[in-house]
Amino acid sequence: MNVKFENVSKVQGLLTIGLVKADYQEKVEKTLKEYKKKANMPGFRPGMVPMPLIQKMYGKSVKADEINRILQETVYGYLKDNKIDMLGEPLPNEEKQAGMSLDDDDQTFYFDIALAPQFDASIGKDDSVTYYEIKVTDEMVDSQVKAYAQQNGRYEQVDAYQENDMVKGKLVELEIDGSAKENGIAVEGASIMPVYMKDDSQKALFAGAKKGDVLVINPDRAYQSNDVELASLFNMKKEQVAGITSDFSFEIQDITRFVESELNQEVFDRVLGKDVVTTESDFRAKVGEQLAQSFVPDCDYKFMLDVRAFLMEKVGKLEYADDLLKRIMQANRKEGEQEISDEEFSRSLDELTWHLIQQQLVEKNGIKVEDDDVKAMAREATRAQFAQYGMMNIPDELLDNYAKDMLKKRETVDGLVNRAVESKLSAVLKQQVKLKKKKVTVDEFNKLFEAPAAKKSKK
C-alpha cells in the first residue's frame, strides 16, 4: 500500500492511496471461504458449492467491502497520525478516479481534504469587552416576594364576594317571565369566577353578593358567546351550547377566596431553607441575590456573543476551500433537498469560523469537560426549570433524579456538554479581558438583542 498526502493549496489537500492485490486478497479469500461453508444452493450439498461459483456470485461485492474497509481505516488513521486538521469529511476526487474498475487488481484512490485555516485567536487585558449586568430593582424584589406569598397562600371560605373570589352554586335556566324552565338546563355546583366575565354589567351583579343570594345572570352575554367558557359552565360539549341565550338563576352556595401568605418564618424556610433568614428585610435581601444570580447566565450569554463579534473582527476573514466545503455540505444533505445558496453558505462559514476560534481558545486555556461537569450542568438546568415556577429551595435528591433523566438522552447530553464548555470558557475570558461593566434594566438588556435584527432589516 502506498499513501501520499500533498497540499493543493493552504486550505485543501489531496490524499492518494494506492492498493495492490496483496493488500486485500487474503481477507477476500478468507471471507469467500466462509461464504462457501454456509452456501446452500439447489443441486449442491450444504458447504459443497464450488468456489468458482461462489467467486462469481460474491467476489466483487466482497472485494468492494474489503477495499472500503481498508480505505476508511487508512484515511482516518493517516489524518490522525499526521495531525492533519480536516474540516468535514474526505470526499472522493471523481475526476482523478474516473475509469477505475473493480476488475483491476491494482487500485488508486484520491480523496479531497478540506483543511482548517491557520490563524491565531488571542485575547487579553489590552482588549476590552462590555459586560452587561441587569439591575435588580425594588419593584422586581416586590414582585418576587409577592409571588412567594401567593405560592404559599391558602383558600378560605368567606360570606361576601370580593373581586377575584370564586363562587359556586346552583344554576337554573329561566323562562322569559323569570320562572324555572321546564326540562331546562340545571347545574349543581356550577363554578364561576366573575373577574373573567367579558361583560362588565354581568360582572357587576356579583358585587357585594353573599352566600344564599340568588342572582339572575345571562351566561351568553357574560362570556360574549364564548362556546368554550359556556361548555365548561354547563358541563356540556362545545357543540351543544350554541343558541343558549336564556337568563339563569344562580343561587350562591359557597364563596372561596385566595389569601396570600404572611411573610413569616414558615415562608422564609420553605423558600430559602431552614433558618437561612429570620427577618423580612433579610428575606428580601436574599431574594434580590437570587434574582441577580438568575440573570448571570443571560449576561454571560450576551458577553460571549460580544466576544464572538470582537474576535471574528480581530481574526478577520479566513480562507477556506469554498468549492470543496460546498461539496461536503451538499453531500451531507438528504436526497431531494435544495442546493446550498450563497447566503446559507456564508452563514455556515461564519459559524465554522466561530467554532474554530472557540476550539482554539478552549485548547489554549486547557479547558476540559468531565462527567461531573456535565452532571453539574444538568443539575443547574433542572434548578433553573424549577425556578421558573418560583421553586427555589429544591432538595438535592429531587434535583439529582431529574438530572439523571436528562442525562439519558444523547442529544440532551451533547447540549449540556456544549453549555459546560461555554460556561468554563466564559469564566476564563472574563478573567483575561478588560471588562467594561455596565448596569442596565431588563428592558434595556432585551433591546440589546433586538439591535442586530433591526440593522439587518435596514439593509
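Analyst: Helices (H or I, at least four residues) and strands (E, at least two) are DSSP runs, numbered from the N terminus, and an axis is a line fitted to C-alpha atoms, for helices over the stretch in contact, with angles running from 0 to 180 degrees between N-to-C directions. The model is a predicted one, in which local features need pLDDT of at least 70 and side-chain atom pairs count only at pLDDT 80 or more, while totals for chains, interfaces and linings use all residues. Residues are numbered from 1 along each chain as its sequence is written, and side-chain values use heavy atoms, with hydrogens and water left out.

Helix H9 (residues 322-331) and H10 have axes that come within 11 Å and cross at roughly 100°, and the two are therefore roughly perpendicular to each other (65 to 115 degrees). Taking contact as heavy atoms within 4.5 Å, Asp322, Leu325, Lys326 and Met329 of H9 meet Asp342, Phe345, Ser348, Leu349 and Leu352 of H10. By class, this contact of H9 with H10 has five nonpolar, one polar and three charged residues, where Ala, Val, Leu, Ile, Met, Phe, Trp, Tyr, Cys and Pro count as nonpolar, Asp, Glu, Lys and Arg as charged, and the others, Gly among them, as polar.

Helix H10 (residues 342-364) also packs with helix H13 (residues 410-432), at an angle of about 70° and with the axes 11 Å apart, and H10 and H13 are therefore roughly perpendicular as well. In this pair, Gln358, Leu361 and Val362 of H10 meet Val421, Glu422, Leu425 and Leu429 of H13, a contact of H10 with H13 that has five nonpolar, one polar and one charged residues.

Turning to side chains, a charge sits over a ring if NZ of Lys or CZ of Arg is within 6 Å of the ring centre and within 35 degrees of the ring normal. Lys96 lies over the face of Tyr110, at 5.7 Å from the ring centre, and Lys302 lies over the face of Phe449, with 5.7 Å to the ring centre.

As for the backbone, most residues other than glycine have a negative phi. Asn164, although not a glycine, has a positive phi of about 85°, and Asn164 is found in the loop between strand S6 (154-158) and strand S7 (166-173). Ser225, also not a glycine, has a positive phi of about 60°, and its place is the loop between helix H5 (219-222) and helix H6 (227-234).

Definitions and conventions
Angles under 35 degrees count as roughly parallel, over 145 as roughly antiparallel, 65 to 115 as roughly perpendicular and the rest as oblique.
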